[in-house]
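Q: Could you walk me through how to read burial, contacts and salt bridges in a structure like this one? I would like the general idea each time, and then the case at hand.

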2 protein chains.
Amino acid sequence: MPKIFLCVLIATVFAGPAFGESQVKPAPNGITVPDGYQDWRLISSSYREDNKTLRVILGNDKAIEAALAGQTNPWPDGAIIGKLVWKEDRHPQWPSAIIPGELSHIEFMIKDQEKYADTVNWGFARWVGMELTPYGESADFAKECVNCHIPVKDKDYVFSKISPLPR
Amino acid sequence: MPKIFLCVLIATVFAGPAFGESQVKPAPNGITVPDGYQDWRLISSSYREDNKTLRVILGNDKAIEAALAGQTNPWPDGAIIGKLVWKEDRHPQWPSAIIPGELSHIEFMIKDQEKYADTVNWGFARWVGMELTPYGESADFAKECVNCHIPVKDKDYVFSKISPLPR
């Protein structure tokens, strides 16, 4: 086998994503799933009666520090807010408790005034289901995100406040 | 002023709790508010229709590691599960979203087979409101906690499972 083909073969084998989140495709605007979001700290939670989902909102360190300092209008560049969304379920031993069922999707807002100037200074991305299928057909999907966030335009397009806790 | 009185005076001034959580009284069974629980990682969330509260369940490192490994029947000694409970509110810009309002209470389960053998191997504690008033008049309050957790006796008395997320 000629050396050049062998090199291409090896490069092809090793270039491909192999494990875990590296297999997940980026959103159509190029955003990839933020690393380690599962371990981020709590901002808030919600229950949406309209679409029967339970949500937990987490933030990276930059976002949490900004939220605790009340520096969220605007949020600082580098802040990332993650929303984890589950379809509702009922607790089998406590039926009046609505609990997370199947994962609906995870979604993120990444603040960067320069990079995301076209989408109100936030990079939006969503992945659907446990298989994390990127949401949207083209980068235009983010217009849908922005439209939904217009009601909180004067809160720098963010619905969530940090939930009150003694600190 | 005699030196002995001065020493007593200084000791009294410096011995008393001065800042933040050190001012919070322990629960009647002697348990104190776990340090840094606000930064713990996510286990789950819930919305209780019966008492109109939103809840987020966090765990210390030992609890999260056990939950991710499926080692929760029984949970290991040292695991602490914290439940943060807010009265429901409505999002002013998205009225079908129930969001955390005023803090109702925070409560914890601390696993220690030896120390808490009298209360199903868990130390229970609850503090009410932003002022963190300890719940219960005597150590007997924990019987109330245990009674409420009996429906999940076969889950080591814990209602929450870790919410599904790709890892």
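This is a predicted model: local features need pLDDT of at least 70, side-chain atom pairs count only at pLDDT 80 or more; totals for chains, interfaces and linings use all residues.

Q: Where does H91(A) lie, and with which residues is H91(A) in contact, leaving aside its neighbours within four places in sequence?

A: H91(A) belongs to strand β3 of chain A. Once those sequence neighbours are set aside, H91(A) contacts A97(A) and I99(A) from its own chain, and V152(B) and F159(B) from chain B. There is also a polar detail to look for: a polar atom of the H91(A) side chain lies 3.0 Å from the backbone nitrogen of Q93(A).

Q: Is S45(A) buried or exposed, and which residues does S45(A) touch?

A: S45(A) has a relative accessible area of 1%, so this residue is buried. S45(A) sits in strand β1 of chain A. Not counting residues up to four places away in sequence, S45(A) touches R55(A), V56(A), I57(A) and S163(A) in chain A, together with L54(B), V56(B), I98(B), I99(B) and P100(B) in chain B.

Q: How do I read the contact between the chains as a whole, and how many residues does it take from chain A and from chain B?

A: Start with the residues and then turn to the area. The contact takes 40 residues from chain A and 40 residues from chain B. Between them, chain A and chain B bury about 3900 Å², with 64% of that on carbon and sulfur atoms. W94(A), L165(A) and P166(A) supply 16% of the area that chain A buries against chain B, more than any other three residues.

Q: How many polar contacts and salt bridges are there between chain A and chain B?

A: Between chain A and chain B, 18 residue pairs are in polar contact, counting pairs with both residues at pLDDT 80 or more. Across that interface there are 4 salt bridges. One of them pairs R90(A) with E49(B), whose closest N and O atoms are 2.7 Å apart. On the side of chain A that touches chain B, the elements giving two or more residues are β1 (41-48), β2 (53-59), β3 (80-91) and β4 (94-111) of chain A. Of these, β4(A) gives the most, with 9 residues. Sorted by class, that side of chain A has 23 nonpolar, 9 polar and 8 charged residues.

Q: With which residue does R41(B) form a salt bridge, and is R41(B) buried or exposed?

A: R41(B) forms a salt bridge with D39(A), the closest N and O atoms being 3.3 Å apart. The pair crosses between chains, running from R41(B) in strand β1 (residues 41-48) of chain B to D39(A) in the loop between α1 (3-15) and β1 of chain A. R41(B) is buried, at 18% relative accessible area, whereas D39(A) is partly exposed, at 37%.

Q: What about salt bridges inside one chain, such as D50(A) with R48(A) and K143(B) with D140(B)?

A: The side chains of D50(A) and R48(A) meet at 2.7 Å, N to O. D50(A) is partly exposed, at 43% relative accessibility, while R48(A) is buried, with a relative accessible area of 14%. In the K143(B) and D140(B) pair, the closest N and O atoms are 3.7 Å apart. K143(B) counts as exposed, at 53% relative accessibility, and D140(B) is partly exposed, at 48%. Salt bridges can also share partners: D39(A), R41(B) and D61(B) are joined in this way into one network. A search of the whole structure finds 16 salt bridges over all chains.

Q: And the nonpolar core: which residues touch the most other members?

A: Look for the residues with the most links. The largest nonpolar core has 78 residues, and W75(A), I106(A), W127(A), W75(B), I106(B) and W127(B) touch the most other members. Apart from it lies another core, of 6 residues, including L54(A), Y47(B), L54(B) and I98(B).

Key:
Residues are numbered from 1 along each chain as its sequence is written. Chains are lettered from A and ligands numbered from 1 in the order in which they are written. Side-chain values use heavy atoms; hydrogens and water are left out. A nonpolar core is a set of buried Ala, Val, Leu, Ile, Met, Phe, Trp, Tyr and Cys residues joined through side-chain atoms within 4.5 Å. Buried means under 20% relative accessible area, exposed over 50%, partly exposed in between (1.4 Å probe, protein chains only). Contact means heavy atoms within 4.5 Å. Buried area is the accessible area (1.4 Å probe) that two parts lose on being put together, summed over both. A polar contact is a pair of N or O atoms within 3.5 Å; within protein, one must be able to donate a hydrogen and the other to accept it, and residues adjacent in sequence count only if both atoms are side-chain atoms. Helices (H or I, at least four residues) and strands (E, at least two) are DSSP runs, numbered from the N terminus. Ala, Val, Leu, Ile, Met, Phe, Trp, Tyr, Cys and Pro count as nonpolar, Asp, Glu, Lys and Arg as charged, and the others, Gly among them, as polar.
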